[in-house]
Structures are given as C-alpha cells and as structure tokens.
Amino acid sequence: MVDGEIVIAREGRLDFDALTERIHPADSRVRTLAERTPASLVVFDLLALDDASLLDVALSDRRALLERALAGVTPPVHVAPATTDAEVAGEWFEQYEGAGLDGVVAKPLDLRYRQDERAMYKVKHERTADVVVAGYRFHKSGPVVGSLLLGLYDDRGALQHVGVSAAFSMKRREELVAELEPLRMDDVAGHPWAAWADEAAHESARLPGAPSRWSGKKDLSWVPLRPERVAEVAYDHMENGARFRHTARFRRWRPDRTPESCTYAQLQEPVRYDLAEILGGP
C-alpha cells in the first residue's frame, strides 16, 4: 500500500488543467483522455508491505523499504526523488520549478505516518505581481468581500482574469466594501468581462465564472468594478503561464501603478526543465 500522487505531463511539464479534465462523469470521455493525455503515478511513501503495517515505522526506514519494493518499476509508475543533502534539495528547488513543481517538501526522518495530518514542511516559491482589481464576490456569510477578482493585460490589450485573492479578516472584508464602493459599476455592461455569463465567450478569453462541472448550482455572480485599482499580490506558481495556480495573497495597494502597466510581461518565467529528468523515465 503506497501513498503517492497522480500527475499528467505535457511537453515535459506538469499540467494541472489536464489532470482535472480526467475527473469526468462520462466513462467514454475518461477513456479518450486516458489515451490522449496518459497519467503517471509518483509514489513517495509506503504504508504497508505484504501483511506488515508500516504506519509506526520511521520515515527513513519506510523510504528504504519503498526503494527496494519499487526498484523494478517502470513508467508510468515512478518513485519520487528524495535526499538528505540540503545542497541537493536547494538545487532541486531552483531547477524543478521549470517542470511545473511548486517547490520541495521536507519531513523529519523519524516521522511516523500521520493520517489526516499535514506533518510536513512545504517550501514553495513566492513571487509578487501587480494586478488589476476588476471585481469582487461577496462572502458566504453576508454582504462583505469574499474574494477580489484579479486581472492582467495580455499583449493584445485585453484584460484576462488570472485568479482571486481571498484571505482577509472579517473586519478587513467589511472595510474593502467601503474602499471599493467608488469603483462599483451599476451593471457589467462596459466592463472588460461583460461577456462572463456567455459560455461561448470563455473559449477565447479568461473570464470569471467559467462554467465547470465543479460549480454545479453555485452562485458565480460578482460585483463589477471599474478596472482602475492596482494591488500587489504574492503567488507561488502560474498554471500554463495564464493564471495563478492557487489563491493569491494580498500584499498592498499600488497607487503608483497604472492598470495598463499590469501585464503578463512582469511575471518571471522559470527556465524549463523536463519532468522526465526528475522522475527518471520518459
């Protein structure tokens, strides 16, 4: 019994979007995608071997057993690389981002397997970007800001929706409603994302409220703002160079920046690195 992660790679990089597409209610669709974008399993822990439970065995010993048990595996099964050399881990941290990885995970060598606990340290890259705040959604608890909708201008001058920033205290959520009130638009007409409710429009632009099987009956409506306010946010990774993979973290307002200056050009692109070099297989 192993612990691991299913991944899909395209052109040598992890592709999270391709992975989410594989979770689909139609069996025929899943089978088609399995042929088009085959998945791999990256194993990083061993929980049981034969009839023996390893939950109370130290990580260092579990790792040794894992490497022996899976010594002969071939793609699409891989054993995640691991090291006790901090210098090597530092090199991985810098290089592997180019293959789509967020960073590295560190665990104590004497750690027993902890079910339903995050007993690890995730060391992630963090960068900042200046983005246009073009709208917000209300919080589920009431008429306060739940999340800010963020945008960047592409090379055609179109404002693309790149993600959200949502981690605020309740007091701050209330303050944001007042701060953003002067920018609030009566309706979405004239807004760069005015076509957000048109499903077809999402095929050619990144807009908030993209339809998906995850949203179901969830209210995807939002409050449009004139795209005149710039904020600095922190992010760890860009997905396919188009959007923030995770929720961005608000840092500060940037009154010294113009919205038009907030483009994709400011984002750092890591040097590409082939995932096969990390996993040791095609």
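**Exercise 1. Find the place of Asp 45 and decide whether Asp 45 counts as buried or exposed.**

Step 1: Asp 45 belongs to strand 4, residues 40–46 (strands are DSSP runs of E with at least two residues, helices are runs of H or I with at least four, both numbered from the N terminus). The model is predicted: local features need pLDDT of at least 70 and side-chain atom pairs 80 or more, while totals for chains, interfaces and linings use all residues. Residues are numbered from 1 along each chain as its sequence is written, and side-chain values use heavy atoms, without hydrogens and water.

Step 2: With 2% relative accessibility, Asp 45 counts as buried (buried is under 20% relative accessible area, exposed over 50%, partly exposed in between, with a 1.4 Å probe and protein chains only).

**Exercise 2. Describe the aromatic pair of Tyr 96 and Tyr 273.**

Step 1: Start from the whole structure, which holds eight aromatic pairs (rings of Phe, Tyr and Trp, the latter by its six-membered ring, with centres within 6.5 Å; planes under 30 degrees apart are stacked, over 60 edge-to-face, the rest tilted).

Step 2: Tyr 96 and Tyr 273 form a tilted pair, 5.5 Å centre to centre with 45 degrees between the planes.

Step 3: Tyr 96 lies in the loop between helix 4 (86–95) and strand 8 (103–106), and Tyr 273 in the loop between strand 16 (249–253) and helix 6 (275–279), so the pair ties together parts 177 residues apart in sequence.

Step 4: Tyr 96 is buried at 9% relative accessibility, whereas Tyr 273 is partly exposed at 25%.

Step 5: Ring pairs link Trp 92, Tyr 96 and Tyr 273 into a cluster.
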